[in-house]
Amino acid sequence: MIEFQSVHKQYGNGTVAVQDLSLTVEAGTITVLVGPSGCGKTTLMRMVNRMIDPSSGSVLLDGTDIRERDPARLRRGIGYVIQQAGLFPHRTVLDNVATVPRLFGNSRRDARRRAAELLERVGLPNDLGKRYPVQLSGGQQQRVGVARALAADPPVLLMDEPFSAVDPVVRADLQDELLRLQDELGKTVLFVTHDIDEAIKLGDRVAVLRQGGYLAQYAAPDDLLAEPADDFVTSFVGRDRGYRRLSFLDSQGVCPEQADTIRIGDTSADVPSRAGWVLALDHERRPRGWLLPDATVDGQLTENQLLAGGSLYTEGTSLRGALDAALSAPSGLGVVVDADGAYVGVVTARHVLDLIESRRRSVTTEGAVP
Amino acid sequence: MIEELLKFFGSPSNREMVLDALAEHTYLSLVPLLLGFLVALPIGRLAQRVYWLRGMLLGAANVFYTIPSLALYVLIPGLFGWPLLSSNNVVIALTIYTAALLVRPTLDALESVPGHVTAAATAMGYRTGRSFLTVELPLAVPAIASGVRVASVSSISLVSLGALIGTGGLGKLFTDGFQRWYPAQVLIGIVLTVLLALVVDLLLVGLWRLITPWTRAGGRVLPS
Ligand SMILES: Nc1ncnc2c1ncn2[C@@H]1O[C@H](COP(=O)(O)OP(=O)(O)OP(=O)(O)O)[C@@H](O)[C@H]1O
Ligand SMILES: [Mg+2]
């Protein structure tokens, strides 16, 4: 657990970067610091490993004031990942990852063995270990950065905009990977970003900071979307927060209906007679696309006679996916699949909206917090 | 000319004289190169870390570099109370030149190490000394290297001037050769000096390549 107790930071030139701020980061959770550029996120984060000492106030790590700890030793127990990965250009990937175990006095051999395990853990092939950082893509460098931070198995992980320099697809991969690792490892993570979507996706709790180093709101992501504390948070959280909030609504009550289906390879004789949209499945019952109402099939059905489908909704995930599946399908029918990707049924946008509506009603009648 | 050269090398005492001069020249130029580097390194580091000292240190380095070398060769024995002909005078004078020459490139090289890399070293739990020796210095090597190559040439050519006070390595071959009007000997002195400079330069380049394997790992450049 990390506790910031009325920490304040004024730099030599008079800039106040953090304004009398108190915040508790629970052990084993991801807490995200989010806010516009220059609002003091990095400053606040660097107070934890004493790269910056607060002008006043104190930071406690598991109950002890970190000022009582030797900075270098303290840092070896805190993983740190930065934006450009900060890898050492003159060391191979393997030796980069072995850095902290080496600082702890492990032999080169043990440190490298540990490093190799970590590379595998973050999803990098073993032979990458022999390369130098320049020989990796940005996404791979970030993974190495994460592996290096985890190498000595520190209970606390600081991450300063670790994914902001990579393209959106790679970023999404890295975020998923972090969540997966966190499930396995249960570290206390303090994560800095200026991207509110990233904050909402990753954070168990999100701290929104405002210019001048003020804490504007500290809440679970769902609450942040539901009840922004003030105009600043409202505008920072952005426009479609209502829609994005669906990510936090579970699938309870979703009941898919059956659509007409046909198999790839079937002939026109197999097309169901009703004049509606027909969903085509392959031989493992995975959805492949839609057949227009009243469409005829020449010979055997092939994929190029189909209209591409919308996004798929995996059973049991949040309502956002269900609504998106319905809105993106040409037929207006969102396709529901199971964890293996096999067809389960379809839902309409109306069905999902009714569900949201009925939940809102039950919450208000029970008088619980919305 | 060829005839004269053959005649010159025909004499065993001449051969021995040339080899001795070459050995002395190598010693008198490389020892100061090493010592000068070792002196410039902490000064460059100090200039990097202590901002208000920077101007002073760089200024002092410039001043030392502008003292004529011949004056130093004569001044140093006076200061240390050594005989005028001691080769230590040359070693100390050239160490001062090399150091003066290398302070600036060392500072620039250390400054060129990316901030996110040094920040990462600190964040991993390196103490300042270890970070300097195992992270910053290795990364500064390629930039320091070009300074050292210039210093090696300068040092090799300045050794010859020592001949005027009697300890000049290959320089003795010119002074002696001119005095006795023996062009073959002058030529040998010049050619060997140039060759020595070339060989030392090649060895230095080889050394850098050996200790900086990462600079040859082709690929994308790190985003800075
Ligand atoms: N060493 C320093 N000396 C003086 N002012 C500083 C220093 N470091 C940061 N600042 C100032 O303190 C404020 C907060 O900086 P900080 O780096 O913590 O912001 P940030 O939220 O991390 O910004 P970004 O998203 O751009 O990384 C800024 O106004 C910055 O200019
Ligand atoms: Mg920052």
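Does A:Arg285 count as buried, partly exposed or exposed, and what is its relative accessibility? In this predicted model, A:Arg285 counts as partly exposed because its relative accessibility is 34%, a value that falls between the limits of under 20% for buried and over 50% for exposed. The residue is found in the loop between strand 12 (278-281) and strand 13 (287-291) of chain A, and the phi of A:Arg285 is near 65°, which is positive although the residue is not a glycine. Most residues other than glycine have a negative phi.

## A residue with positive phi in chain B

In chain B, B:Trp181 also has a positive phi, near 45°, and is likewise a residue other than glycine. B:Trp181 sits in the loop that runs between helix 8 (171-179) and helix 9 (183-211) of chain B. With a relative accessible area of 63%, B:Trp181 is exposed.

## The shell around ligand 1

The residues around ligand 1 belong to chain A and include A:Tyr11, A:Asn13, A:Ser37, A:Gly38, A:Lys41, A:Thr42 and A:Glu161. By class, this shell holds three nonpolar, seven polar and two charged residues, and its largest share, three residues, is supplied by helix 1 (residues 41-46) of chain A.

Several side chains place polar atoms beside oxygen atoms of the ligand. For A:Ser37, an N or O atom of the side chain is 2.5 Å from an oxygen atom of ligand 1, for A:Lys41 the corresponding distance is 2.8 Å, and for A:Glu161 a polar side-chain atom lies 3.2 Å from a ligand oxygen atom. On its own, ligand 1 has 630 Å² of accessible area, of which the protein covers 62%.

## The annotated span of chain A

An unreviewed UniProt entry places the feature "domain: ABC transporter" at residues 2-237 of chain A. In the model, that span is 37% helix and 25% strand, and its end C-alpha atoms lie 25 Å apart.

## Aromatic pairs

A search of the whole structure finds nine aromatic pairs over all chains.

Note on methods. Residues numbered from 1 in each chain as written. Chains lettered and ligands numbered in written order. Predicted model: local features only at pLDDT ≥ 70, side-chain atom pairs only at ≥ 80, totals over all residues. Heavy atoms only, no water. Near = heavy atom within 4 Å. Polar contact = N/O pair within 3.5 Å; in protein donor to acceptor, adjacent residues only side chain to side chain. Areas by Shrake-Rupley, 256 points an atom, 1.4 Å probe, with all protein chains shown as cover. Helix = DSSP H or I, 4+ residues; strand = E, 2+ residues; numbered from the N terminus. Nonpolar A, V, L, I, M, F, W, Y, C, P; charged D, E, K, R; others polar. Buried < 20%, exposed > 50% of the residue type's maximum accessible area, 1.4 Å probe, protein only. UniProt positions renumbered as here; feature names shortened; annotations may be inferred. Phe/Tyr/Trp six-rings, centres within 6.5 Å; stacked < 30°, edge-to-face > 60°.
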